[in-house]
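Biologist: I am new to this structure and would like to go through it with you. Could you bring it up first?

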Amino acid sequence: MEIANKEFSNKFKSLMKNPSLLILLIAIFVVLFIFIIYPLFKVLIISFTDNNNNFSLDVYKSILSNDYMKQGFKNSILVATLTAVIGTLIGYLYAYTINRTNIPFKKFFRTIAIVPMVFPPFIGAMSIIMLFGFNGLITSKLFGIRTFPVYGLWGLMIAQVITFFPVAFITLDGVLSTISPTLEDAAFNLKASRWQVFTKVTLPLSVPGIASTMLVLFIESLADFGNPLILAGASFPVLSVQAYLEITGMFNLKNGAALAVWLLVPSLIAFILQKYWVNKKKYITVTGKPTTSQVKSVSTSAKWILFTLCMIVSIFIVLIYATIFWGAFTKAWGMNNQFTLDNFKYVFDVGKESIKDTLAIALTSTPISALLGMIIAFLIVRKSFPGKKALEFISLLNFAVPGTVVGIGYILGFNTKPLLLTGTFAILVLNFIFRYIPVGIQSGISLLNQVDPAIEEAAYTLGANDSQVFLKITLPLIIPAFFSALVYSFVRAMTAISAAIFLVSADWNLMTVQILSQTDSGRLSEACAFSVILILLILAFILILKIFLKNKVSLVDNNFGIE
Amino acid sequence: MNPLGVGVNLKVLEQIKAELPKSWADLLKPEFKNMIQYPNPQTSGTAYTFITGLISVYGEDGAMDYLKKLAKNIQSYTQSGTGPSKAVGIGQAAVAIQFTPAFFEFKEQGYPIEVVFPVEGVPYESACVSIVKGAAHKTEANTLIDWLLSKKGQQVIVDEKTYFYPVRADVNFGSLQPLSTIKLISVDEAWAAENKNRIIERWIKEVLPVK
Amino acid sequence: MSLELKNIYKVFKSENTETVAVKDFSLKIEKGQLVTLLGPSGCGKTTTLRMIAGFETPTSGKIFLEGKDITNDPPNKRDISMVFQSYALFPHMTVKENIEFGLKIKKLPKNAIEEKVRSIISLTGLEGMENRRPDQISGGQQQRVALARSLVMEPKVLLFDEPLSNLDAKLRESMRSEIRRIQKELNITSVYVTHDQTEAMSISDIIIVMNKGEIMQVGNPFDIYSYPQNKFVADFIGKVNFIEGEVVKKNENYYEVYNKELNKTFVGISKKNLQINENVLIALRPEALTYEKKENSISGIIKKVVYLGSQVEYEFETEHNKIINGILFNPVENKIPQVNEKINLYFGLKASWLIKSKE
């Protein structure tokens with residue numbers, strides 16, 4: 001005990017000698033508290049009080065005894081579990097095929113795998129109805145089936161698996177590429193068959209990554225708002241939509257908040273499991289550059305089967321998004337195939353403002369989010385200070401919190417002075433910065449852990465201070481992480497809906513909200529056109545970024561999912 | 001102001017070999033099995049309006065009865081009030097029940113949509129505009145409201161193709177179907193508000209489970 | 001006094017255990033000395049080095065650099081440079097950029113930097129490599145760059161953290177003499193960490209032998225080898241035989257020690273004051289055993305002979321099954337022992353070094 005206190009006081013003394021670090025830490029803690037903890041707090045409070053602001057469990061009593069809400073909870077969990085399992089399965093299949101076989105068109109498969117990340121989710125859902133519904137291109141025109149269940153569990157699950165498959169792929173791709181192929185070589189050398197090598201070496205080593213992916217997908221699915229809004233009807237309620245509708249449809253803020261908290265619980269559990277249990281069992285088999293194996297891990301016939309399966313998945317994805325392009329260039333999606341550019345004309349007429357607004361907000365929040373993410377990752381990995389574990393937890397917390405909860409929290413937390421931010425540019429930017437920071441932090445931490453800490457220590461002994469070390473040494477070495485943080489933040493900011501839908505106003509609107517309202521008022525083709533513009537903007541951003549960062553790419557070799 | 005209406009996709013109608021429905025009773029026909037959508041009253045004010053409208057026509061028990069029979073033809077109860085129009089537009093459903101502006105927009109876009117106002121009568125909603133208590137720009141707000149209710153303002157609502165009905169009789173209705181051809185039903189707002197929870201509960205218990 | 005450590009303690013706390021990594025470590029180093037911290041893994045040598053560098057904070061105790069208390073100073077404020085085991089070269093910079101990094105941080109004028117860098121490059125034999133990247137040069141060259149980068153800072157103290165362990169044997173030998181040569185030429189106070197005794201013996205002015213966080217002995221290589229103060233040091237450095245005994249007589253310049261099993265009295269020396277009846281160990285180096293008649297004798301049967309060219313290593317077993325190791329040099333001009341041969345060997349007074357059993 002005495003030693004602990006001495007250690008603490010020495011740490012504190014060292015911290016004191018480094019005033020800029022101290023100030024930075026305090027600033028970060030304060031900012032994280034205000035923009036991550038405080039809104040959550042507000043949501044909790046409002047759900048635990050009655051109309052006179054006294055503590056009360058009435059709201060919870062009413063929703064927990066409500067059969068419909070209970071059904072919603074069960075459905076949310078059911079879909080989340082199914083999506084997690086199936087999404088991970090497909091993701092693993094895909095990642096394994098790309099990493100361990102020498103099929104052709106790898107670049108194509110890699111690109112397709114992340115395409116679904118670049119679309120506003122509900123348009124994908126519409127697309128599914130177009131392909132598989134009553135008049136579906138695939139079901140009806142090709143197979144003559146009119147009764148494929150697009151609404152409810154099946155349609156929703158398909159939509160979610162497609163939407164979150166990129167997340168599974170990117171994680172598992174990373175996992176598989178860091179399992180040293182020499183381990184498999186060794187097993188082959190010991191006369192194991194291909195199947196044995198897979199089941200006894202590769203698969204067990206992938207288990208932490210698989211568990212991690214499943215938990216991540218579980219959380220994402222629970223929070224998913226766009227897909228269920230379109231595909232989950234009244235007979236298949238899910239909590240994410242219910243919370244939103246309680247507020248916007250029934251004007252019951254307390255119920256909405258309580259539902260949001262209910263949704264938060266399994267998310268948090270999954271998050272804690274993933275962070276503190278699965279992560280502890282990580283197997284790191286490679287430090288530094290991964291080598292490629294010369295021995296083929298799968299037989300030729302297996303290779304072509306895997307290739308075919310990947311092809312099917314890819315074509316499926318391409319179809320869904322091609323359908324949207326089709327809608328953008330025709331008069332009446334699915335009903336009138338006359339080619340037209342009128343939809344785009346409408347978008348530039350009416351949607352100009354929202355395009356500008358969205359770009360302004362995304363381009364402001366993205367670099368701040370990415371840089372802040374790198375700084376926090378640096379602090380967490382390389383520095384020791386009191387409260388480090390708390391910092392790590394808080395900064396990653398937003399990852400587990402469904403967008404709906406965050407959105408509600410922000411409107412509750414920032415609609416009075418001194419922080420009167422509702423309806424402003426600031427509230428949207430702030431929401432985006434802190435919402436998407438976890439990915440930057442995670443990839444920063446992951447990459448930093450692969451950098452020999454001695455490199456930074458050497459810089460310190462040569463007289464560099466913290467910011468010099470960070471800017472001249474650390475940042476160049478973790479450029480891939482910075483890059484993927486930028487891309488991820490931008491893509492998410494451009495396609496955000498579940499939190500953002502509470503925060504837009506007459507002054508500041510987002511393209512995604514516009515798209516939703518277009519579909520609401522019957523302008524489906526225009527909605528498709530909007531979506532196409534959205535994708536093009538995102539692709540342009542990624543391209544420009546790639547060119548700009550090309551000469552600054554680090555020499556620490558790394559596979560970082562997003563190309 | 002907005003009457004509730006029935007949107008029909010003519011192409012799908014052909015595919016299921018049904019005739020254009022003219023009344024609420026028509027919607028119970030077996031041809032429409034699994035081809036109708038309306039919003040979920042738990043989350044949509046539109047749906048509640050629909051139910052209270054039916055109550056005015058059939059009485060409470062009669063309305064529930066009707067909805068139970070209709071349930072067999074329902075493909076999905078959508079979460080949002082405008083969900084049905086999306087489905088009927090792209091040919092996923094044959095019939096959609098909701099407020100009509102979206103249907104008219106689809107029709108304008110070139111979708112094969114026809115709007116029908118059932119002969120038994122349809123409920124309607126009036127959009128309202130209010131000034132927030134303690135508003136900082138009260139004068140300007142008043143000006144806006146005055147303009148909205150003026151002949152000019154109401155004409156704009158028609159001319160800009162919002163497909164909302166104006167609330168003044170001295171306005172040119174443009175392409176909108178004349179109100180004289182629509183049987184509008186009044187609903188006792190106070191009664192509707194008081195009994196909302198109870199009626200929705202009834203809907204959940206009696207109508208929702210029916211397949 | 002160039003560098004002084006006073007009563008340094010370092011305790012690591014993890015979950016529910018506490019590990020004492022360094023216990024009551026005190027040390028004084030003069031300017032220009034090369035002091036080596038030598039010991040097995042986990043003995044605390046690297047932790048101590050990192051505390052000098054500033055990467056670890058002592059739990060208690062103080063560190064002084066030329067009289068100034070630097071205990072709580074961050075690493076970038078100490079006038080100390082470090083050569084790392086993994087070299088830690090900046091992979092995204094050239095050799096030249098690596099070397100001039102610290103000078104640029106110091107904001108020295110451009111021509112001063114050029115001058116110093118050129119001079120250090122020639123001192124460390126890196127001419128021609130200036131524009132290469134670390135992944136384009138060999139391990140030995142990387143080592144030199146790491147050294148150059150630290151030397152160019154003209155630090156008050158230079159730290160080495162097992163700098164040669166990643167090199168192959170031949171290279172290690174040539175590099176360590178290089179390091180020693182440069183260190184002496186520039187007269188830089190150095191603290192060197194290694195687990196390799198040969199390395200320690202060959203380059204150090206002073207060796208500090210450590211075990212489990214504690215200092216076992218401080219001395220020059222000769223003292224450490226010939227006059228180990230305790231069993232650990234005697235055993236850790238080189239090979240040694242221990243013969244137990246009890247002090248039976250104390251003479252002016254030597255002690256008489258009796259071994260019960262062999263029923264023999266040996267003579268030996270010690271720098272400490274030993275008491276009668278005290279239990280001691282005779283630390284006997286293998287090379288001290290000869291056929292030539294000396295003060296002490298010991299006999300047995302040869303059990304094992306290993307011929308290594310320049311020397312023969314052999315084992316013989318005494319009457320009471322005690323195994324003694326011996327080394328014989330220049331076998332071609334000497335008698336090579338044969339297995340199962342009965343022999344009588346001798347060792348001198350000076351080679352009969354007495355250690356207290358309890359230490």
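Biologist: At what angle do helix H13 and helix H18 of chain A pack?

Modeller: In this predicted model, helix H13 (residues 253–278) and helix H18 (residues 403–413) of chain A pack at an angle of about 140°, with their axes 9 Å apart. Axes are lines fitted to C-alpha atoms, for helices over the stretch in contact, and angles run from 0 to 180 degrees between N-to-C directions. That makes H13(A) oblique to H18(A); angles under 35 degrees count as roughly parallel, over 145 as roughly antiparallel, 65 to 115 as roughly perpendicular and the rest as oblique. Helices (H or I, at least four residues) and strands (E, at least two) are DSSP runs, numbered from the N terminus.

Biologist: Is the crossing of H13(A) and H18(A) left-handed or right-handed?

Modeller: The crossing of H13(A) and H18(A) is left-handed. A crossing is called left-handed if the near helix is turned anticlockwise from the far one by less than a right angle, and right-handed if clockwise.

Biologist: Which residues meet there?

Modeller: From H13(A), A:Gly256, A:Ala257, A:Ala260, A:Leu263 and A:Leu264 meet A:Thr404, A:Val405 and A:Ile408 of H18(A). Two residues are in contact if their C-beta atoms, placed from the backbone, lie within 7 Å. By class, this contact has six nonpolar, two polar and no charged residues. Here Ala, Val, Leu, Ile, Met, Phe, Trp, Tyr, Cys and Pro count as nonpolar, Asp, Glu, Lys and Arg as charged, and the others, Gly among them, as polar.

Biologist: And how do H20(A) and H23(A) pack?

Modeller: Helix H20 (residues 437–448) and helix H23 (residues 479–495) of chain A pack at about 165°, their axes 9 Å apart. H20(A) and H23(A) are therefore roughly antiparallel to each other, and their crossing is right-handed. Among the residues in the contact are A:Gly440 and A:Ser443 of H20(A), and A:Ala481 and A:Tyr488 of H23(A). The contact divides into six nonpolar, five polar and no charged residues.

Biologist: How reliable must a residue be to count, and how is everything numbered?

Modeller: This is a predicted model, in which local features need pLDDT of at least 70 and side-chain atom pairs count only at pLDDT 80 or more, while totals for chains, interfaces and linings use all residues. Residues are numbered from 1 along each chain as its sequence is written, and chains are lettered from A and ligands numbered from 1 in the order in which they are written.

Biologist: Turning to the chains, which pair shares the most contacts?

Modeller: Of the two pairs of chains in contact, chains A and B share the most. Their contact takes 29 residues from chain A and 31 residues from chain B. Elements giving two or more residues to the chain A side include helix H6 (121–132) and helix H26 (524–549). By class, that side has 15 nonpolar, eleven polar and three charged residues. Chain B and chain C do not touch, and their nearest C-alpha atoms are 50 Å apart.

Biologist: What is the strand order in the five-stranded sheet of chain C?

Modeller: The five strands form an open sheet in the order E13-E12-E11-E14-E19, with antiparallel pairing. Two strands pair if DSSP finds at least two bridges between them. Strands E13 (264–268) and E19 (353–356) of chain C are at the edges, each pairing on one side only. The twist averages 45° from one strand to the next. Four bridges join E14 (residues 279–284) to E19(C), and C:Ala283 stands opposite C:Trp353.
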